[in-house]
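Here is a short report for a first look at a structure.

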Amino acid sequence: MGILQKAAKIVFACVHLILLSGCWDRTEVNDLALIVGLGIDQTKNGEIRLTVEIVVPKSAGGGGQMIGGGSDGGGGGGGGETIIRSGTGVTVADAISNLQEKLPRRVFWGHMKVIVFGEKAAKAGIRQHLDFLSRNPEARLRSNVLVSEGTAKSVLELVPPIEQSSSEVLRELSESQLLLRVTVKDVLQMLSGDAGAAALPMVKIKPPEEGKKELQPIAFIQRTAIFKKDKMIGDIDDQLTRGVLWLRNEIKEANVTVTLKGEKGNITATLIKAHTELIPKYEKGKWKMIVKATAEDDIILNGTKLNLMNPKYAKMIEKELEKETNKRIQAALKKVQKEMKADIFGFADTFHRKYPREWNRVKDRWEEIFPDVEVIVKTKAYVRRPGIGTVPQGLLEQEVKK
């Protein structure tokens, strides 16, 4: 029994020695090039140009240490805290290999914040690029995805006056959710959905102010790129995008200005809560979608002479807010459903869940059916608070309508 116990102890110790064999496969941080931003463009000859923004590590004494020297083609924000590098190839994978040849450190994708597709690359198709990113174990599926007006490289090369890098600017803009916010995971789900359509935020470079350096302006999200399958077919402006956000139940921030009949001055409300419900109907071979949009608002500006504590005036404001919300949704439907014929609203998935049998009969013809789907929009708005000042400011008491 003693011999067996000794043998068991030896085996036990050997197994643990194997499992605790140290860090033979370690990778030192100072051997890695940390990628925070990725840009994908298509060149004139059809090749893929991949541009990355790399963090420049700081030494313990506060001095900067460049990765492989200066920047080729400019770029980097916050006084040299990032640098820009590019590589080309037939595919993204080939471009990365070409890029790696120009770096003394191994590229690492675990800190990637944003992925920007150039307009030309977006129109050519983004499926194979997304396939590579989704297979790479280092790439983050929650990285924000955007499309740039022009090239992605020109966006990453900007030197922002506030943030440390252009990638951080784009991340902050995406996270603010003033317009559309889309991650890698979201794009993959949209393109693999029943409709096969997607919408991505579109970035535009703001021209430099007079007297400022050429690369000092920042990019900002102004439009939305519309995709059918994996190819960009067009874009819509910020006003139409807000209508799309209502339909997708993704509206987070909105200020709505209305005027009341017979009254001078404007009233502005800010959104505090919103919800949109899609109710599918299939009757006698016809597809119908009922959209119920509900909003709760606070009044942040009263340019009229009305005392908003009066429930009568609050009801009047609510009616105008409902009309304005309906108007935004209808404008988005007219452009995206009727003209672009791209189901970025999720109608197909909603119909599929409610009527799976009927859907399977028409799924191959959905692109033809979608533009003719009858959409009934029902909006409801509630004014929750009239603001700190209940009466219009700067008016005499006798001038206020109570």
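What follows describes a predicted model.

Local features need pLDDT of at least 70, side-chain atom pairs count only at pLDDT 80 or more, and totals for chains, interfaces and linings use all residues. Residues are numbered from 1 along each chain as its sequence is written, and side-chain values use heavy atoms, leaving out hydrogens and water.

**Helix pair.** The axes of helix H8 (residues 238-247) and helix H9 (residues 311-340) come within 8 Å and cross at roughly 100°. H8 and H9 are therefore roughly perpendicular (65 to 115 degrees). Helices here are DSSP runs (H or I, at least four residues), and strands are runs of E (at least two). Contact means heavy atoms within 4.5 Å. Among the H8 residues that meet H9 are Leu240, Val244 and Trp246.

**A glutamate in H9.** Glutamate 318 lies in helix H9. Glutamate 318 touches Ala381, Tyr382 and Val383, not counting residues up to four places away in sequence.

**Cavities.** The structure holds three cavities of 30 Å³ or more. A cavity is a set of points on a 1 Å grid where a 1.4 Å probe fits but cannot get out; lining residues have an atom within 4 Å of a point. A volume is the space filled by probe spheres set on the points.

| Cavity | Volume | Lining residues include |
|---|---|---|
| Largest | about 50 Å³ | Trp246, Asp297, Leu321, Thr325 |

Strand S12 (286-302) and H9 each give two or more residues to the lining of the largest cavity. Helix H6 (residues 166-176) gives the most to the lining of the second largest cavity, with three residues.

How values were computed:
Axes fitted to C-alpha atoms, helices over the stretch in contact; angles between N-to-C directions. Parallel < 35°, antiparallel > 145°, perpendicular 65-115°, else oblique. 1 Å grid on protein atoms, 1.4 Å probe; cavity = no way out; pocket = protein on both sides within 12 Å on 5 of 7 lines; lining within 4 Å.
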